[in-house]
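Please look over the model below before reading on. My notes follow as numbered points.

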Amino acid sequence: MELYLTGEEKQMLKGEFGEGIKFAIEIIVNIAHALEARELVEIKSSHILAHYGSLHDAGIELMEKLVRLGARCRVPATVDPASIDLENWKAYQIPEEYAQKQMRLCDATKNLGVIQNWSCIPYQGPNIPKPGDNIAWAESSAVSFANSVIGARTNRTPAGLDVCAAITGRIPKVGLYLKENRAGTVLVDIKLKNIKNLDYHTIGYIVGKTVGVEIPVIKGLPETVTANNLKCLGAAAASSGSVALYHVYGVTPEATGVDPFGGKKPKKVIVISESEIREAERKISTGAHSEKVDIITLGCPHLDIDEIKEISKLFVNRKVKKDVEFWIYTNKENRDKAIEKGYIKPLVEAGVKISVQTCATISPISILGFRCMMTDSAKCANIVPTEHGMEVIYASTEECVEAGTITV
Ligand code: F3S
């Protein structure tokens, strides 16, 4: 298949915009050939991965090479959480050598002009796409939110290709950039009466496990479903399966006022009722038999200000147990806002550690010797046992607070 390139893209390939862009567009063009793309698509923004835990030394080499070649982002680009708390990594016993490697990635991203947000919720600011925007994002949960809830267009851009997209402003036009590939293919019928916050994670987990790479259209969610509920549902579905786009009848932009199936019949129908939810909760909780929880984490995906407020309220007259670590994750901006509003003080006074710009899943948490984690995130619970060899107890936010604290 022949790949059509615009005049500007040919100039990039010739090196007329510098060696950095030339190197990056060569990678984009090679991938476009491999994917049999007919053309590249111009993107409005990128969201890239730069956590050392996933990129390793090869990722540092790529980023530093781009810096040496003089590359700079051509479109606004944000960055996913780091593998360490960038402000306070020593408090988490991160080895110096590991921290230094993450810092090299930080320096490289700064030099490339990447916005230093270090968060997986860039769509809450400072990288907010509009419906229909073509973007090239990594981070499966952010991809899911941008595609599904906002109606922007992106594939799950792999690490390395994300930064090349930011530098060139281009990505191969395949997959979810094409309207015909965005129609729903599987109907998910939710038959639950009162859907609680944790149920959204669990629904996402079941959807991901069941539909794989298909595009689910979800029916039966209440109109009151919040953006945070969908953030958690999408994160779980992207983690237990490969769901990059889902539609919710009457809620998400490509399922409101239009047929989300694009005139076709769904390939199959999946029903989720109370019994499926309870069974999935049991499966996710690998550590249900564990005698002791060592660490409790909340904030996957990163918490927004409303979620911090609600968690803060749960800590009134409570104190974290002596033999438990209680960590919550958010970005710096939300933490700072929460300090101003007085939400952080009760948490810190109760013994909670507020960790910014990172998260448990992508940090080297296993070196700290924890055996069993409790979390209210299906994504985190799905990854931690395989990634960090720990048991997991999956429970609601309220149950997590109850289990990790005493009344004072
Ligand atoms: Fe975000 Fe880390 Fe969870 S990057 S989605 S908090 S695994």
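How do the residues of the shell around the ligand divide into nonpolar, polar and charged?

1. The shell holds five nonpolar, three polar and three charged residues. Ala, Val, Leu, Ile, Met, Phe, Trp, Tyr, Cys and Pro count as nonpolar, Asp, Glu, Lys and Arg as charged, and the others, Gly among them, as polar.

2. This is a predicted model: local features need pLDDT of at least 70, side-chain atom pairs count only at pLDDT 80 or more, and totals for chains, interfaces and linings use all residues. Residues are numbered from 1 along each chain as its sequence is written, and side-chain values use heavy atoms, with hydrogens and water left out.

3. Around the ligand sit D80, P81, C120, E139, S141, G299, C300, P301, C359, T361 and K379. Being near means that a heavy atom of the residue lies within 4 Å of the molecule. Strand β10 (residues 295-303) gives the most to this shell, three residues. Strands (E, at least two residues) and helices (H or I, at least four) are DSSP runs, numbered from the N terminus.

4. β10 also belongs to an open sheet of five strands, ordered β13-β12-β10-β14-β15, with parallel pairing. Two strands pair if DSSP finds at least two bridges between them. The edge strands are β13 (353-356) and β15 (391-394). β10 and β12 (residues 325-330) pair over five bridges. I295 has E325 in β12 as its bridge partner.

5. Helix α13 (residues 378-388) packs on the sheet and touches β10, β14 (372-375) and β15. Contact means heavy atoms within 4.5 Å. The direction of α13 makes about 165 degrees with that of β15. Angles run from 0 to 180 degrees between N-to-C directions, with axes fitted to C-alpha atoms, for helices over the stretch in contact.
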